[in-house]
Amino acid sequence: MRAFVIGDPVTHSLSPCIHNAAYAHCGVDAAFSAVTVSKDDLAGFVSDLAPDLLGLAVTMPHKQAIMPYLDAIEPLAQAVGAVNTVVLSGNVRTGFNTDVYGIAQALIHTAGEDVHFAKGGSAVILGARATASSALAALGQLKVGQVSVVARNFGGPGSISLAQTRLGVSTTPIPWRDEKRVVSALESADIVVSTLPAGVADHWAGKFDVKAGAIVLDAAYDPWPSKLAQAASSGGALVCSGHEMLLYQACQQFTLMTGEPAPVEVMRQALEEAVQRG
């Protein structure tokens with residue numbers, strides 16, 4: 001059997017090494033590989049999927065674009081407005097979102113025994129697109145009380161503005177250019193989640209004094225550590241790499257595709273070894 005991660009570009013993806021290690025450990029007779037699929041080819045690729053395919057991991061730029069080509073979409077993915085996992089059952093293609101689980105578990109793992117810190121606290125999300133919407137849902141699951149969103153543009157397809165309406169939550173939008181308000185929000189936040197492309201969030205590195213004991217998750221993990229992560233760590237924050245998010249979202253993907261519990265530590269070791277190899 002086969003499974004794929006699709007995107008454009010996607011050859012850099014670490015997903016194959018994570019999933020293949022899990023397959024080998026659990027005795028799943030399957031191979032997971034990366035396939036470059038352009039926007040123009042997406043519809044044809046999805047329609048031609050073989051019934052015996054385990055599933056797809058979906059990365060940018062297809063997390064919203066793939067949704068019209070699916071037969072069913074789980075309520076969470078529908079609310080978030082993004083699909084990063086497709087599972088086949090017969091000829092039925094069902095979309096899921098495991099990024100929400102990945103973000104929540106990454107924060108929980110980083111916080112350790114202090115995971116209760118999030119309940120009723122405040123958070124800042126940097127960015128307002130698909131991953132930001134998943135972060136908003138994850139923070140809701142953690143019972144975070146107040147969420148501010150910092151972005152240059154809050155609207156458009158796949159935006160956090162649409163997601164928050166479907167999720168039934170509210171956020172405080174703060175324009176990227178309003179540096180005083182951004183810094184104030186960052187300094188008071190219990191959680192900071194950057195969902196921006198690599199290097200973009202580094203604009204704020206060193207411009208604010210992180211709250212003692214806060215958690216800073218930078219979803220962009222190449223290069224690592226980012227300047228934002230370094231500044232946060234120096235300021236006393238608990239820093240969480242996007243690798244943690246990648247790991248846990250892959251664990252839920254594995255379970256959805258195989259029906260088996262994910263061998264988390266095996267997958268973690270495979271990820272760490274891949275990162276060390278560069």
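Reader: Which residues lie nearest the centre of the largest pocket?

Author: T59, M60, A219, A220 and Y221 do, within a lining of 48 residues. This is a predicted model: local features need pLDDT of at least 70, side-chain atom pairs count only at pLDDT 80 or more, and totals for chains, interfaces and linings use all residues. Numbering starts from 1 along each chain as its sequence is written, and side-chain values use heavy atoms, with hydrogens and water left out.

Reader: What counts as a pocket here, and as lining?

Author: The search uses a 1 Å grid over the protein atoms alone. A cavity is a set of points where a 1.4 Å probe fits but cannot get out; a pocket is an open set with protein on both sides within 12 Å along at least five of seven lines. Lining residues have an atom within 4 Å of a point.

Reader: What volume does the largest pocket have?

Author: About 1400 Å³. That is the space filled by probe spheres set on the points, with grid points joined across faces, edges and corners.

Reader: Which element gives the largest share of its lining?

Author: Helix 9, with 6 residues. Strand 3 (55–58), helix 5 (130–141), helix 9 (242–258) and helix 10 (264–277) each supply at least two. Helices (H or I, at least four residues) and strands (E, at least two) are DSSP runs, numbered from the N terminus.

Reader: How many lining residues are nonpolar, polar and charged?

Author: 26 nonpolar, 16 polar and 6 charged. Ala, Val, Leu, Ile, Met, Phe, Trp, Tyr, Cys and Pro count as nonpolar, Asp, Glu, Lys and Arg as charged, and the others, Gly among them, as polar.

Reader: Step back. How many helices and strands does the protein have?

Author: 10 helices and 12 strands. The radius of gyration is 18 Å, close to the 19 Å that the globule rule gives for 278 residues, so the protein is as compact as a globular protein of that length. The radius is taken over C-alpha atoms, and the rule is 2.2 Å times the number of residues to the power 0.38.

Reader: Sheets next. What is the strand order in the sheet with parallel pairing?

Author: 9-8-7-10-11-12, an open sheet of 6 strands. Two strands pair if DSSP finds at least two bridges between them.

Reader: Why do strands 9 and 12 have a side without a neighbour?

Author: Strand 9 (172–175) and strand 12 (238–241) are at the edges with a single partner strand each, so one side of each has no neighbour in the sheet. The twist averages 20° from one strand to the next. Axes are lines fitted to C-alpha atoms, for helices over the stretch in contact (heavy atoms within 4.5 Å). Angles run from 0 to 180 degrees between N-to-C directions.

Reader: How many bridges join strand 11 to strand 12?

Author: 4, and the two run parallel. D218 stands opposite S241 in strand 12.

Reader: Which strands does helix 7 lie across?

Author: Strand 7 (122–126), strand 8 (146–151), strand 9 and strand 10 (191–194). Helix 7 (residues 179–188) runs at about 130° to strand 9.

Reader: And what order has the sheet with mixed pairing?

Author: 2-1-3-5-6-4, an open sheet of 6 strands. Strand 4 is joined to strand 6 (residues 92–96) by 2 bridges, in parallel. Helix 1 (residues 15–26) lies across strand 1 (2–7) and strand 2, at about 165° to strand 2.

Reader: Back to M60. Is its peptide bond to P61 cis or trans?

Author: Cis, with omega near 10°. P61 sits in the loop between strand 3 and strand 4. Another cis bond joins D8 and P9, omega about 5°.
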